[in-house]
Structures are given as structure tokens and as C-alpha cells.
Amino acid sequence: MNGETKPKAISSAEPYVKAPLLYKGKVRELYDLGEHFLIAVTDRISAFDWVLSPAVPDKGNVLNSLSAFWFEQTAAVQPNHVVHTDVERLGDLITDREVMKNRFMVTKKAKRIDIECVVRGYITGGGWRQYQKTGEVNGHKLPEGLRKNDRLEKPLFTPAAKNDVGHDEDISIERMKELVGAELTEQLQEKSIHLYEFARAFCEQRGIILADTKFEFGLIDGEIILIDEIFTPDSSRFWAKEKYALDIEIDSMDKEPVRAYLSGTDWDKNSEPDPLPAGVVEETSRRYRDIYNRLVNG
């Protein structure tokens, strides 16, 4: 992931995994290994609810490797679903180890809790839009006079109910209690904020602001387990410290070149978009490698 070689982009791991495919998301694929799952992270990229072409080289490697890094960093404070990320242990299940070695993890089978646990440390994005209209974010009343991108006095837990089709739905903590119970809600809120504060401090030491992030949790024999991905450019909003400012749209360290390009075209967002230009793909790939190097290599 140092950029010296450019691996080929893959749009699906199906040619490389000899196991039943259970689920195919916008980026991830879930395979059944019997006792465990295998989660493969492709190089597919999505924006405005469309999966775009072509795939972005190294994106899947970065997302998976970053998640593996963070799962290891946080394992002592929050159990997670990772069993291993060693391609050699999979034997003949993998047809091309070089392609797959950095883009999968074998995980425990947890029962997913259908809540996206969002933590916001700064008032921006969808939270800012809510605040402008109501002075609140997901039912949290905030002080008057906040400016876009202000750091919040305390991180906010702003959950969303997961929908497999369409957008997740922002909900209040009271609504979350109705859906999953008060005790589980309080546990997930505490765990989510604790994880966010851990990662925010880590990022700040590397000149990066973790503006907001989201987690997914599951249950195994009644124990809360951290699942899916954590602190990646697809699940978190990272800002370079040197670009931080109030009242502007900060260029985030993720697929912003794709969003900016699409927003500058006449694409109607209701029909399949044209393929992305090579320059946009290359810049997006570079950004994913950059955030990985800044976080992991300091």
C-alpha cells in the first residue's frame, strides 16, 4: 500500500473465492465458510446511491487493511468479529492469493443489530443541515449560534435505523430504545462514543481530524461485538488538519474527487452515470492510499 505498485482493480471477489456468496453490497461481499464468514472488500465505488465504473485500484485493500488495523487497536476495549486476515490459512478456498491477501477478513458470525451507530464530533454534513432547520440533531437540542464545522463540546450519538433498501433513517435515542430496548441503546451509545474518542485522539496525533464516524454492532451469545468496518474513509469523515476551517465545505480525505466530478456534470442522478475519467479514478486511489499511510505509518 505504498503506491510503488498498482494492483489491478477488482469489481468482485467471486472469481477468487471458492465459497457460497451470501450477500453482495455496494462494496463488500459476504461469503459463507460454515463456522465463519469471509468478508471480501472489492474496489467498487459508489456515490449518490449508484455503484460507479470503473473500480478504483487499491480502494478495497485500503478499506480492509484500515479496518483490520483499527480492530486490532481497539480489541482491548471492545471485542470485535475478526478471526484472522491470513490468506495462507484459507488454502484452496482462494484461487489468487496475491489479489486477495489484503482485501478480506474471516469473521465470527454475529447477529447484526439493525442500528447504525453514528457519532459526530463536529457539526457538519447532514447534522449541520438538521441544525440549520431545527436547532437539533436527531433530537439533541444544541446551543444557538453554532457555525458549520464547529467542534461540539461533547461528541453526539445520532443513531440511524438500517434499511437494506434505500437510505438509513435518522432516529432519536428514544426511538432507538423503542426498537432495541433501553439497556442495549445505552450500551451501544457508551461504546460508540468511547471508540470515537479513542480514534479521534489517535488521529489528532497524525494531523487528521475525525469529524464523524459510524459503527455497526452484532450479538454473539448475548455479547456485543463490533462488526463490519471501522474508521475507514467509507465509514468516517476525515479532514486534514491543515484544511480545517469554519463555514466552508471541507475537502474530506475520501472519494471527494468522485462526488465533486459528478456534481460538476449534467448527470441527473436518476440514470446510470457514464464511466469516471481516468484522472478522477487515479486521484481517488491516491487519496485512499494517503489516508492509510498517514494513519498507519504516521
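**Core packing and helix contacts in the predicted model**

Ile225 is placed in strand E16 (residues 223-227); helices (H or I, at least four residues) and strands (E, at least two) are DSSP runs, numbered from the N terminus. The structure is a predicted model, in which local features need pLDDT of at least 70 and side-chain atom pairs count only at pLDDT 80 or more, whereas totals for chains, interfaces and linings use all residues. Residues are numbered from 1 along each chain as its sequence is written, and side-chain values use heavy atoms, with hydrogens and water left out.

Residues up to four places away in sequence being set aside, Ile225 touches Gln78, Pro79, Asn80, His81, Glu216, Phe217, Gly218 and Ile220, contact being defined as heavy atoms within 4.5 Å. A distance of 19 Å separates the C-alpha atoms of Ile225 and Leu63, which are 162 residues apart along the chain.

The largest nonpolar core contains 47 residues, of which Trp70, Leu188, Phe215, Phe217, Phe231, Phe238 and Leu295 touch the most other members. Such a core is a set of buried Ala, Val, Leu, Ile, Met, Phe, Trp, Tyr and Cys residues joined through side-chain atoms within 4.5 Å. Helix H5 (residues 182-204) supplies the largest share of this core, eight residues. A further core of 15 residues lies apart from it, with Leu38, Ile94, Phe104 and Val106 among its members. Beyond its neighbours within four places in sequence, Leu295 is in contact with Leu66, Phe69, Trp70, Phe202, Cys203, Arg206, Ile208 and Phe238.

The axes of H1 and H5 come within 11 Å and cross at roughly 110°; axes are lines fitted to C-alpha atoms, for helices over the stretch in contact, and angles run from 0 to 180 degrees between N-to-C directions. H1 and H5 are therefore roughly perpendicular to each other (65 to 115 degrees; angles under 35 count as roughly parallel, over 145 as roughly antiparallel and the rest as oblique). In this contact, Phe69, Trp70, Gln73 and Thr74 of H1 meet Leu195, Phe198, Ala199, Phe202 and Cys203 of H5.

By class, the contact of H1 with H7 has 10 nonpolar, one polar and two charged residues.

The axes of helix H6 (residues 256-263) and H7 are 8 Å apart, at an angle of about 150°; H6 and H7 are therefore roughly antiparallel to each other. Here Glu256, Pro257, Val258 and Tyr261 of H6 meet Val280, Glu283, Thr284 and Arg287 of H7. The contact of H6 with H7 comprises four nonpolar, one polar and three charged residues.

Definitions and conventions. Buried means under 20% relative accessible area, exposed over 50%, partly exposed in between (1.4 Å probe, protein chains only). Ala, Val, Leu, Ile, Met, Phe, Trp, Tyr, Cys and Pro count as nonpolar, Asp, Glu, Lys and Arg as charged, and the others, Gly among them, as polar.
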